[in-house]
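Subject: Structure handover

Hi,

Please open it first, then read the notes below.

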Number of protein chains: 2
Amino acid sequence: LIGRADFLGPQEWAPLDSAHLNRYYTTMKAAFQGVPGAYSEIAARKTLGPSCLTVPCNDFEDVFDAVASRRVDRGVIPIENSLAGSIHENYDHLVKHHLHIIGETHLRIEHALLARHGATLRAIKEVRSHPQALAQCSHFFARHPHAIPVSYFDTAGAARSLGEETGTHTAAIASIRAARLYGLSVVRRHIENSTDNFTRFLVISRTPVVPPLSEPAKCSISFTPVANRPGILFRILGVFSLRDIDLTKIESRPDPSSPFTYRFYLDFVGNPREPRTAKALDHLREIVKDLRLLGAYPAAHR
Amino acid sequence: LIGRADFLGPQEWAPLDSAHLNRYYTTMKAAFQGVPGAYSEIAARKTLGPSCLTVPCNDFEDVFDAVASRRVDRGVIPIENSLAGSIHENYDHLVKHHLHIIGETHLRIEHALLARHGATLRAIKEVRSHPQALAQCSHFFARHPHAIPVSYFDTAGAARSLGEETGTHTAAIASIRAARLYGLSVVRRHIENSTDNFTRFLVISRTPVVPPLSEPAKCSISFTPVANRPGILFRILGVFSLRDIDLTKIESRPDPSSPFTYRFYLDFVGNPREPRTAKALDHLREIVKDLRLLGAYPAAHR
């Protein structure tokens, strides 16, 4: 499989067509944070096709390093969750590493209760998972007080730990894919409190892929306002609003070089090939410094 | 001391003068998250005076509960750090609990290396602290590779753990105050990488205290835009910009009831007693829903 990917040649010569994401690189290598069965791995397979080779990494920094150092072709990182908010660390990595966002996807997070074969819901005493996943299933724990939630470093890791043990009194909250990978039974599906639990993932690459004009596209940019003067953010948003460009997300992160000043992150609907978007970016350069186009990519349907 | 506080009567009758913060309630009780010696406790003593009774809490939710249930008079919570960014959880608590921000302060975070008496820097093998404090002292660890960083749930808790043990090969990174409280030696001061490490803390109370017009004031507000329509944020910022009102901070958090829609948090320079600020808030009500004035308070000098 790896030979096939090499034969296709470096990613630099990829056609400027977002459809190549699943059409050409069937043996593409994609890094993700976590262990197999993690939601990030599911997002990678959703965007890049089920035949991509997923490469587990210890942390988000490793995912960026794996792409930058050519160990993999793509990285897939979570950027925000509809309940918990932004994964701020990944905003910092996007600016630090000179990589490009080439795609996005929204994954519905469906938590399942997994245990070794033979386990029954009534006999379960301990449920392991990431603290956020445990919190997102608090209604389940209220209904089943015999099941005690225990924090674990990640969801799929909690599932994997069950496979290495014996006994049927311990369960994990993770994905259905984790059950398949670690030979576990699905004791109960959809134990999450809210069906509105989505995570948005970004696909990162060493080279940009400008999306075709035929499909709706989004841009992600980052910048620092030229001065901390009153009304500067209003003027920055005016660049977009006066051109009827729709902002989909605004985020700010502290600038470590100067206390309580901020770097901004904007997502907006547009394609740098369109004159309107290109002119907005030119206009923006007049009032901000260190403008970075983090990527232009086809907008995901929800 | 508690008798004295009771004698002074309920906080509801406090004079509308921010100076009362340190003048009247010398025996005020203030909740903070962490153990004694935590940076939050230092911030509480800085704002409310060194004779306030500080009440440790396990988590931020407990701090809000302690104020709401009248167990304490004030809560002191960190809201943002100049290097790490916002403490997002506290934005959620501010909206959930109907309490009022009545003050703010900026505390310079100065990390010291603490150990039991007789310890020398060269003999230290393990250094315990909160992961963020360890990261903020990474230059120290690079210069002293014999000292291995070990994660601990909080900085002052790491210092306290040394007092319960014997031996001089283990150290902690925490405040100078923690050294005093737990009978430790300060092996090295100022081991933080950056002198630009500030945390902004808020003082919360059951009743609002409108600051006098004689000193510069700030307001913190929260709202949801009426619709997710293009340009709505531009129009919202226009409410302030067209009145020359200076925004000092903008933050957004996901609205759990609707995926990828947001609740906004703004801080701006102004006093609700001034017509300009009052009219801006009236104007804002026309284009946002669920507007909350989280508090008006004297602006801290940095």
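Before the rest, some ground rules. This is a predicted model, in which local features need pLDDT of at least 70, side-chain atom pairs count only at pLDDT 80 or more, and totals for chains, interfaces and linings use all residues. Residues are numbered from 1 along each chain as its sequence is written, chains are lettered from A and ligands numbered from 1 in the order in which they are written, and side-chain values use heavy atoms, with hydrogens and water left out.

**How the chains relate**

Two copies of a chain are related by a rotation about an axis and a shift along it. Contact here means heavy atoms within 4.5 Å.

**Aromatic pairs**

The structure holds eleven aromatic pairs over all chains. Rings of Phe, Tyr and Trp (its six-membered ring) pair if their centres lie within 6.5 Å; planes under 30 degrees apart are stacked, over 60 edge-to-face, and the rest tilted. One of the pairs is A:Phe234 with B:Phe234, which is stacked at 4.5 Å centre to centre, with 0° between the planes. This pair crosses between chains, from helix α10 (residues 232-241) of chain A to helix α10 (residues 232-241) of chain B. Helices (H or I, at least four residues) and strands (E, at least two) are DSSP runs, numbered from the N terminus. Both A:Phe234 and B:Phe234 are buried. Buried means under 20% relative accessible area, exposed over 50%, and partly exposed in between (1.4 Å probe, protein chains only).

Another pair is B:Tyr91 with B:Tyr265, edge-to-face at 4.8 Å centre to centre and 65° between the planes. B:Tyr91 lies in helix α5 (residues 88-96) of chain B and B:Tyr265 in strand β14 (residues 262-269) of chain B, so the pair ties together parts 174 residues apart in sequence. B:Tyr91 is buried at 4% relative accessibility. B:Tyr265 is buried too, with a relative accessible area of 4%.

**The five-stranded sheet in chain A**

This open sheet has the order β8-β7-β9-β6-β10, with mixed pairing. Two strands pair if DSSP finds at least two bridges between them. At the edges stand β8 (148-151) and β10 (185-188) of chain A, each with a single partner strand, so one side of each has no neighbour in the sheet. On average, neighbouring strands of this sheet are turned by 35° against each other, direction ignored. Strand β7 (residues 126-129) of chain A pairs with β8(A) in the parallel sense, over four bridges. There, A:Arg128 stands opposite A:Val150. Helix α8 (residues 155-163) of chain A lies across β6 (112-115), β7 and β9 (170-174) of chain A, at about 150° to β9(A). Axes are lines fitted to C-alpha atoms, for helices over the stretch in contact, and angles run from 0 to 180 degrees between N-to-C directions.

**Strand β3 of chain A**

Eight of the eight residues of β3(A) (residues 74-81) are buried, so the strand is largely enclosed by the rest of the structure. Two bridges join β3(A) to strand β1 (residues 29-33) of chain A, in parallel. Six bridges join β3(A) to strand β11 (residues 198-205) of chain A, antiparallel. In that pairing, A:Val76 has A:Val203 as its bridge partner. A hairpin of three residues joins β3(A) to β4(A).

**Cysteines and backbone**

How many disulfides are there over all chains? The search finds zero; a disulfide is a pair of cysteine sulfur atoms within 2.5 Å. A:Cys219 is buried, at 0% relative accessibility.

Most residues other than glycine have a negative phi. B:Asp244 has a positive phi of about 55°. B:Asp244 sits in the loop between α10 and β13 (247-254) of chain B and is exposed, at 62% relative accessible area.

Best wishes
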